[in-house]
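Let's take a walk through this structure, one feature at a time. Have a look at the sequence and the fold, and then we'll start with a pocket.

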Amino acid sequence: MSQDYALQAVLDTFDSVIYTLEQTRDTEGRNDHSVGHLGGCLLNYLFSKRFVMTAITFKTIFDVLSPSNTILQSSDLDLFAAIHSISNAQSKINNLRQDAIFESLMTKVDDFISDKEEFIFSDLQDKRIRSKKKMPETIELPIYLHTEINSSLVSEYEEEKEEDDDEEEEKVEETQNNKKKELLLSRKKIANVDSIKTV
């Protein structure tokens with residue numbers, strides 16, 4: 001399996017991978033910020049306990065599936081051997097779900113981290129569980145109450161609309177009265193000016 005070989009290569013050459021990423025981030029990352037950012041993100045992920053746990057878990061699964069994969073990809077396929085290999089792989093995968101196997105995987109993770117003393121690995125983060133807001137319980141009203149509520153809302157809306165209309169009419173009347181007063185004042189001023197001229 002190509003994934004198995006790639007994962008095994010990363011675990012076997014972990015120090016070289018880290019050194020290469022650091023060199024790429026420090027040299028090419030100065031001119032290309034995207035390369036520097038990507039290199040930093042990969043380093044942060046490789047230095048996490050989450051990556052080591054995932055890698056060793058998948059490596060264990062690949063070790064179980066690789067014999068069956070080899071048999072199924074062979075040119076002279078033996079059906080009996082293939083069926084027997086698949087059943088064995090299934091039983092081994094089911095056994096991986098035991099607590100003892102998980103503890104052995106965690107031991108391998110701790111051993112891998114302890115062997116890399118020159119590196120500092122970040123521990124698993126505890127995710128905070130957000131409390132969900134509870135919506136208030138809805139109360140179903142009878143049909144006649146719905147009609148009463150709707151009618152009351154309609155009547156309130158009509159009353160508010162009438163009040164708004166009355167206020168607009170009053171404003172229009174005030175503006176008209178003000179204009180009339182201004183016209184009267186201007187006419188009086190003109191009459192006074194004419195009387196002064198005749199005198």
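The largest pocket holds about 240 Å³ of space. A pocket here is worked out on a 1 Å grid over the protein atoms alone: it is an open set of points where a 1.4 Å probe fits, with protein on both sides within 12 Å along at least five of seven lines, and lining residues have an atom within 4 Å of a point. Its volume is the space filled by probe spheres set on the points, which are joined across faces, edges and corners. Ten residues line this pocket, and S48, R50, D123, L124 and Q125 sit nearest its centre. Two elements, α3 (33-46) and α4 (49-72), each give two or more residues to the lining; helices are DSSP runs of H or I, at least four residues long, numbered from the N terminus. Sorted by class, the lining has two nonpolar, four polar and four charged residues. In that scheme Ala, Val, Leu, Ile, Met, Phe, Trp, Tyr, Cys and Pro are nonpolar, Asp, Glu, Lys and Arg are charged, and the others, Gly among them, are polar.

A word on the ground rules. This is a predicted model, where local features need pLDDT of at least 70 and side-chain atom pairs count only at pLDDT 80 or more, while totals for chains, interfaces and linings use all residues. Residues are numbered from 1 along each chain as its sequence is written, and side-chain values use heavy atoms, with hydrogens and water left out.

Now follow α3 to its partner. The axes of α2 (residues 14-31) and α3 come within 7 Å and cross at roughly 155°; axes are lines fitted to C-alpha atoms, for helices over the stretch in contact, and angles run from 0 to 180 degrees between N-to-C directions. That makes α2 and α3 roughly antiparallel, the term for angles over 145 degrees. Where they meet, α2 brings residues including F14, V17, I18 and L21, and α3 brings H33, V35 and G36 among others. The residues of this contact (heavy atoms within 4.5 Å) comprise eight nonpolar, six polar and four charged.

What about α4? Helix α1 (residues 2-12) packs against α4 at about 140°, with the axes 10 Å apart. Among the residues making this contact are L7 and L11 of α1, and F51, F58 and F62 of α4. By class, the contact of α1 with α4 has seven nonpolar, three polar and three charged residues.

Last stop: M106, in helix α6 (residues 99-115). Beyond its neighbours within four places in sequence, M106 touches K49 and M53. M106 and M53 are 53 residues apart in sequence, yet 7.3 Å apart in space, C-alpha to C-alpha.

Note on methods: Parallel < 35°, antiparallel > 145°, perpendicular 65-115°, else oblique.
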